[in-house]
Amino acid sequence: MSGLTRRALCASALASLAGASLAGAAGTARAGEPSAVRVAAIDWAMLETALAIGAEVVAAAELRLYRQMVVEPAASPAIADLGLRGSLNYEALLRAAPDLILSAPWYVKYEANLSRIAPVRSFRIDQRGRSPYEPAVAAARELGRLTGREAAAENLILAVAAEIDAQRERLARRRGESFSIINIGDPRHFRVFGADSMHGHVLDRLGLRNAWAGQTRYSAQAPVDLVALANAGDAGIIIVRPIPSDALRVLPESPLWNALPAVAQGRVHVIDPVNPFGGLPTARRLARLLGGALA
Amino acid sequence: MTTAAFSSRGRLLAVCLILAALSVGLFGWSLAEAFSADGAIAAMDPSGRFPALVALHSLAPRYVVGLLAGAALGLAGALLQSVLRNTLADPSSLGVAAGAHLAIVAMTAFAPELGGFPREGVAFAGGLMAVLIVLGLSWRRSFEPATVVVAGMMVGLLCASLAATIILYSGQYLTSLFLWGGGSLAQQNWTPAIDLAVRFVPAFAISMLFLRSLSLLTLDDPGARALGLSVAGTRLAILALAVALSAAVVSQVGVIGFVGLAAPNLARLMGARTARPVLLLSPLLGALMLSVTDGIVQAIDRASRFDMPTGAVTALFAGPVLLWLSSRLRTARPDLRAEGVTEASRRRLWPAVLGGLAIVTALALLVGRSEGTIGFDSLSTMATLLPWRAPRLVAAMAGGAMLATAGCLLQRMTSNPLASPEVLGVSSSAILAMAICVFAAPAMGLAGQITGATLGAMLGFAVLIVAARRGAFEGNRMLLGGVALGSFCGAALTVLMTRGGMEAGMILAWLTGATAHVDPVIAGVTAILALLLILPALVLSRWLDLLALGNEMPAALGLAMTRARLVLLALAALLTGAASLTLGPVSFVGLMAPHIARHVGAADARSLLATSAALGALLMGVADLASRLAFYPYQMPIGLFASLIGTPYLLYMLARR
């Protein structure tokens, strides 16, 4: 036990020592806020939250895909890419010399290794069977405390709630309408966002109904076939991009797809990509995109 | 007509009728469910228009696609089996399906705009490439059945691992590629059904034209040639036909295992002896088997509301059937050739190997990359990075040495130059157990997952031993037992993976190896395991020399054959399991290193083992360095990197000798 802690201590001392020199060489130290906490994010939900509260993000995982799938808040090119979330590049992380690493329960098995570099905080936002919104609020608040940006975190929480309320007003005439919100996998399979996803929660908060809310058998994202969409009956359909090219080609020719009430009556809406496992900024983006698509 | 013939015909009729009744009955059930008043569809659609549409555009085409895909696979299996005179051959055991799948995954990821018809062409090219590699690998063993299947398993694993890497690197939205890799039959229009029919009918007609050639091919080659058959040309034509059939199935519905293997064997089991009845019956039986399985899968889907891929479910049966079939194979005569080597070349060997090891170690520890430039790191950077680079290098090298030793043991004791640790199925069962842990207890840490994987490896090992024991640990029976275990675990893994989400991503990362996350403790454990397991192999090397003498000699020299084989197999399985925990399931190092060792001059078992182990470490050291630098900061899976370097070399070497 004591051996372990001693080793961890030595390692982190060594890491921070050499890390300081590395960071100095990289020229990322700024004059304005000398004591800003340098944050590295493994999990995207925490990455977007950290960016949204203006924390000093020095490294994050899989930025190439983040820029396509999560889009906002934009990740500046100065942030070091840590490679795949499943195969983190610890060397790049060491070079970025973070003071704090933001993780999620998915990555629990990397935590021992990550904590050799800097203290790790893991945030559980998505969990089967409950809405991720309140956990996302708590995570933003906690992150604000950890990075000394409490005010920015409170502002974010208020701003997101305000954005949702504004879009709710905008969609007032649609109140009570129900929608299925889906991702298209291929022409035959879809992922449906249930009540325990951020998508489901935001639909709810906008005064709309998630057609899949009652069906707890579908967890956050379950692959279902097209016929199951018919189960949602009259509900409108919201497709979250990206749409695979073969689906774009095949679906318009499919008699079954065209027979879905939503398709037949032209109630299919397409919105830009949204992080499927997001935090507060995702909720804001969703509310804005849905407002724009449905108003 | 004799009574025996009559009873076999009667039995055939009974089996077909039962299967047909089941098939139609299950289809009827799914229709009834769609129209039933309290069913989900009706409840959601008060207008009542939808059930008819679902029946017409989803259920009916799905049933027809099931029949056609099954028939096509049955025919492809029958063609492959008679062309190769190999009852174990089918599109999945020859790597055709995996190659076609890989080609489509690559196309979807890199050139999605191609779409449409070329997709099938791409699948055909991928499948053909895979089968040609498999046949190239088994060429020198004159396509002996077990060797072909072992080579097919390896090429299949390589393709699957490459496909997993592409899916992993191109992001989550390709998650559906799993579903499709698992062979989901769900339909929503008639296009796939029509496309399959348009391909199956002419293919069936063409294979009927080949009937005489196929009958002749059941003779030996000189006999067939004497009767006026151009053996090589005919083989290639029939092979291409079979690949085209399975490429059509793969591009329409994905990878569907087992049917092509089972249908022709079932036909033979029920008394079909010559090419004609086998060719006629296989498509029929294939169609019935797949449609019955799909009917059952649909019934389960309706109850559980979870879309399971039919192809992966059928593939679950492939393992057991393969095992059973392999017990009916005639034993192949062990290869007695001993490659003579001069003493002189051996003396110069060790300095070169050790020097290479030292250079690779130094490079792997000292060279880094940041912002695009590759070079030696500064001293202060090195101090930070060494505690990270050293463990993963140690783990990679120890793993490489273990796999090489295991490969060496297997190749020697089975007298099969293609025997590789990957085909033992031990690593597949380790990964499956780990995947079950990830889904069942997501909060489990690395230690828990490794414990789970270790338990899985041990369970797989126990199954392997039981299977191999029934064949008295005879070389090919052992390998085929491993292939059977591996294909079962692979299918189960596919079923799990289709659930998608973050868990699937985590498992994918494991599938491609986990050297990135090695910490000093894991590295230390791996190194100690390597020492503990490689040393006994060196001590037992005399057994290997004796086993290479064939079946009678060692017994005469006082060696208890069965026990010796059990001990050596146990050692090989332990080595493989320990290595796969860090390196991932595929690397080919265990296959390559012994060949290179022989090539550079190691002759007796002990020096062969030692040289292989050193070369295995060397190869993995190179792979570690290259996988770290090639796409910085994105890291290539190390095992895959090793196999991409190794496969061309292996083909070259096998072709040359």
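Author: Gladly! In this predicted model, helix H6 (residues 133-147) of chain A packs against helix H7 (residues 150-170) of chain A at an angle of about 160°, and their axes are 7 Å apart.

Reader: What makes H6(A) and H7(A) roughly antiparallel to each other?

Author: Their angle is about 160°, and angles over 145 degrees count as roughly antiparallel. H6(A) and H7(A) are therefore given that label. As for handedness, H6(A) passes H7(A) in a right-handed crossing.

Reader: Which residues of H6(A) and H7(A) meet?

Author: From H6(A) come A:Val137, A:Ala140, A:Arg141, A:Leu143, A:Gly144 and A:Arg145. Facing them in H7(A) are A:Glu150, A:Ala152, A:Ala153, A:Leu156 and A:Ile157. Sorted by class, this contact of H6(A) with H7(A) has seven nonpolar, one polar and three charged residues.

Reader: Why is A:Leu280 called buried?

Author: A:Leu280 has 28 C-beta neighbours inside 10 Å, and the label asks for 20 or more. A:Leu280 therefore counts as buried. You will find A:Leu280 in helix H13 (residues 280-294) of chain A.

Reader: What is A:Leu280 in contact with, leaving aside its neighbours within four places in sequence?

Author: The list is A:Thr49, A:Ala52, A:Ala136, A:Val137, A:Ala140, A:Leu156, A:Ile157 and A:Val160. For another distance, A:Leu280 and A:Leu102 are 178 residues apart in sequence and 15 Å apart in space, C-alpha to C-alpha.

Reader: Which residues have the most contacts inside the largest nonpolar core?

Author: They are A:Ala50, A:Ala60, B:Ala72, B:Val150 and B:Met402, in a core of 314 residues. Helix H3 (residues 50-84) of chain B gives the most to this core, with 19 residues. In soluble globular proteins, nonpolar side chains tend to be buried together.

Reader: How much of each chain counts as buried?

Author: In chain B, 56% of the 657 residues count as buried; in chain A, 54% of the 295 residues do. Chain B has 28 helices and two strands, while chain A has 13 helices and eleven strands.

Definitions and conventions. Residues are numbered from 1 along each chain as its sequence is written. Chains are lettered from A and ligands numbered from 1 in the order in which they are written. This is a predicted model: local features need pLDDT of at least 70, side-chain atom pairs count only at pLDDT 80 or more; totals for chains, interfaces and linings use all residues. Axes are lines fitted to C-alpha atoms, for helices over the stretch in contact, and angles run from 0 to 180 degrees between N-to-C directions. Helices (H or I, at least four residues) and strands (E, at least two) are DSSP runs, numbered from the N terminus. Angles under 35 degrees count as roughly parallel, over 145 as roughly antiparallel, 65 to 115 as roughly perpendicular and the rest as oblique. A crossing is left-handed if the near helix is turned anticlockwise from the far one by less than a right angle, and right-handed if clockwise. Two residues are in contact if their C-beta atoms, placed from the backbone, lie within 7 Å. Ala, Val, Leu, Ile, Met, Phe, Trp, Tyr, Cys and Pro count as nonpolar, Asp, Glu, Lys and Arg as charged, and the others, Gly among them, as polar. A nonpolar core is a set of buried Ala, Val, Leu, Ile, Met, Phe, Trp, Tyr and Cys residues joined through C-beta atoms within 7 Å. A residue is buried if 20 or more other C-beta atoms lie within 10 Å of its own, exposed if 12 or fewer, and partly exposed in between; C-beta atoms are placed from the backbone.
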